[in-house]
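Biologist: I am new to this structure and would like to learn how to read it. Could you take me through it step by step?

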Amino acid sequence: MAGGGPARQRVGEFKCSCCGFRCRYDYFGRSPPFASPGVRWLEDVYAIENPAQGELGRVKAICLGAPCCACGEPVCVEATCSLFYTKRFCKRCAAEAREHFPPALGKDLRKLLH
């Protein structure tokens, strides 16, 4: 097999429920097998193996998004679609829970909600 290893099966397609961004993903979970050793996300994420390490940096895994902790809908990591504060929140759920976030997140919440 070309490349010296087994072909990876593409897991599926990620679609952000806020902006509609779509991309195939290679892994769902916290520790992608293709990531650098010791890399572990704080949440289950949809990840893709970096297709262009020279252009897109030296990281081996790119996080596309994660399920919202409140409604379960997939959301991308774009600042206008989701917020991570101990867990991932989509725009709608963050708006509903805004009074529960600390004041230090004010700037991030304003960016997300406007």
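Modeller: Strands themselves are DSSP runs (E, at least two residues), while helices are runs of H or I with at least four residues, and both are numbered from the N terminus. One case here is Ala66, which stands opposite Val75 in S6. Before we go on, note that this is a predicted model, where local features need pLDDT of at least 70, side-chain atom pairs count only at pLDDT 80 or more, and totals for chains, interfaces and linings use all residues. Residues are numbered from 1 along each chain as its sequence is written, and side-chain values use heavy atoms, with hydrogens and water left out.

Biologist: How many bridges join S5 to S6?

Modeller: Three bridges join them, and the two strands run antiparallel. S5 and S6 also form a hairpin with six residues between them. In that turn, Gly72 has a positive phi of about 85°.

Biologist: In what order do the strands of the open sheet lie?

Modeller: The order is S3-S4-S5-S6, four strands with antiparallel pairing. S3 and strand S6 (74-76) are at the edges with a single partner strand each, so one side of each has no neighbour in the sheet. From one strand to the next, the twist averages 35°; axes for such angles are lines fitted to C-alpha atoms (for helices, over the stretch in contact), and angles run from 0 to 180 degrees between N-to-C directions.

Biologist: Over how many bridges do S4 and S5 pair?

Modeller: S4 and strand S5 (residues 61-67) pair over four bridges, in the antiparallel sense. You can find Ile48 with its bridge partner Ile62 in S5, and Tyr46 opposite Gly65 in S5.

Biologist: How do I read burial, and how many residues of S5 are buried?

Modeller: Burial is read from relative accessible area: buried means under 20%, exposed over 50%, and partly exposed in between (1.4 Å probe, protein chains only). In S5, five of the seven residues are buried, so the strand is largely enclosed by the rest of the structure.

Biologist: What does the side chain of Asn50 reach?

Modeller: This is a matter of polar contacts, which are pairs of N or O atoms within 3.5 Å; within protein, one must be able to donate a hydrogen and the other to accept it, and residues adjacent in sequence count only if both atoms are side-chain atoms. Asn50 sits in the loop between S4 and S5 and is buried at 6% relative accessibility. Its side chain reaches the backbone oxygen of Val59 at 2.8 Å. A polar atom of the Asn50 side chain also lies 3.0 Å from the backbone nitrogen of Ala52.

Biologist: Now for charged pairs. How many salt bridges are there?

Modeller: The general idea is that side chains of opposite charge can pair when their charged atoms come close. The rule asks for a side-chain nitrogen of Lys or Arg within 4 Å of a carboxyl oxygen of Asp or Glu, and the count comes to five salt bridges. Among them is Arg24 with Asp26 (2.5 Å, N to O). Arg24 is partly exposed at 30%, whereas Asp26 is buried at 6%. Another joins Arg30 and Asp44 (3.3 Å, N to O). Both lie in the loop between strand S3 (27-29) and strand S4 (45-49), so the pair ties together parts 14 residues apart in sequence.

Biologist: And where is Arg88 found?

Modeller: Arg88 is in strand S8 (residues 87-90), and with 9% relative accessible area it is buried. Its side chain meets that of Glu43 in a salt bridge (2.7 Å, N to O). Glu43 lies in the loop between S3 and S4, so this pair ties together parts 45 residues apart in sequence. Glu43 is buried too, at 11%. The C-alpha atoms of Arg88 and Glu43 are separated by 7.8 Å.

Biologist: What else does the side chain of Arg88 make a polar contact with?

Modeller: With the side chain of Ser82, at 3.1 Å. Strand S7 (residues 82-85) pairs with S8 in the antiparallel sense over four bridges, and Phe84 has Arg88 as its bridge partner. S7 and S8 form a hairpin with one residue between them, and Thr86 in the turn has a positive phi of about 65°.

Methods. Two strands pair if DSSP finds at least two bridges between them.
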